[in-house]
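Here is my note on the model you asked about. Have a look at it first, then read the points in order.

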Amino acid sequence: MDLMGEESALPVVTDVLQLTEAHRAAVKVIRRMQYFVARRKFQQARKPYDVRDVIEQYSQGHLNMMVRIKELQRRLDHSLGKPAFFLSEKGLDKGYYTAGARLIRLEDKITKIDQKLDDILILLKDQLAIQQLPHCSGSTPSTFSLSVPTPETHAISSEA
């Protein structure tokens, strides 16, 4: 319905005193109906909760929170890198892709590399001592070794 195009039978009211008794009664009825609707909504909001409904809502919220936590854990594990890179040679920790297990495997590899570098350093020092032995008269290989003697260095020095 186009209200602008039609002529309105009701006059335009600019002041409350211009309203007729019928208009005032209609406004009172509309306001009374609005009051009753608001009062009914307020009374429904004041009703005590059903315990079963509360427990069900709590359970749903708890379940939703657990799903979110699991998703965050999965994303965290995924973002820390490919698990295949951190697998140990022994195969003991292959089932554990957590950050802690990966760090343990990485530390093990670093320890092995450090031990190998120490062994290589000892061998190089012994080789240097053997090469300098003919040039230096009266000196022993143990004077050229800067590291703590190991069974390998004792075997080399006893042969000389």
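The points below go from confidence to fold, surface and salt bridges.

1. This is a predicted model: local features need pLDDT of at least 70, side-chain atom pairs count only at pLDDT 80 or more, and totals for chains, interfaces and linings use all residues. Residues are numbered from 1 along each chain as its sequence is written, and side-chain values use heavy atoms, leaving out hydrogens and water.

2. The chain's mean pLDDT (the predictor's confidence in each residue, from 0 to 100) is 76, with 64% of residues at 70 or more.

3. You'll find four helices and zero strands. These are DSSP runs numbered from the N terminus: helices are H or I, at least four residues, and strands are E, at least two.

4. Two salt bridges turn up, each a side-chain nitrogen of Lys or Arg within 4 Å of a carboxyl oxygen of Asp or Glu. Glutamate 21 pairs with arginine 24 at 3.6 Å, N to O; they sit three residues apart in helix H1, so about one helical turn separates them. Glutamate 21 is exposed at 59% relative accessible area, while arginine 24 is partly exposed at 29%.

5. Glutamate 71 bridges to arginine 74, with the closest N and O atoms 2.7 Å apart. Both lie in helix H2 (residues 51-79), three residues apart.

Key: Buried < 20%, exposed > 50% of the residue type's maximum accessible area, 1.4 Å probe, protein only.
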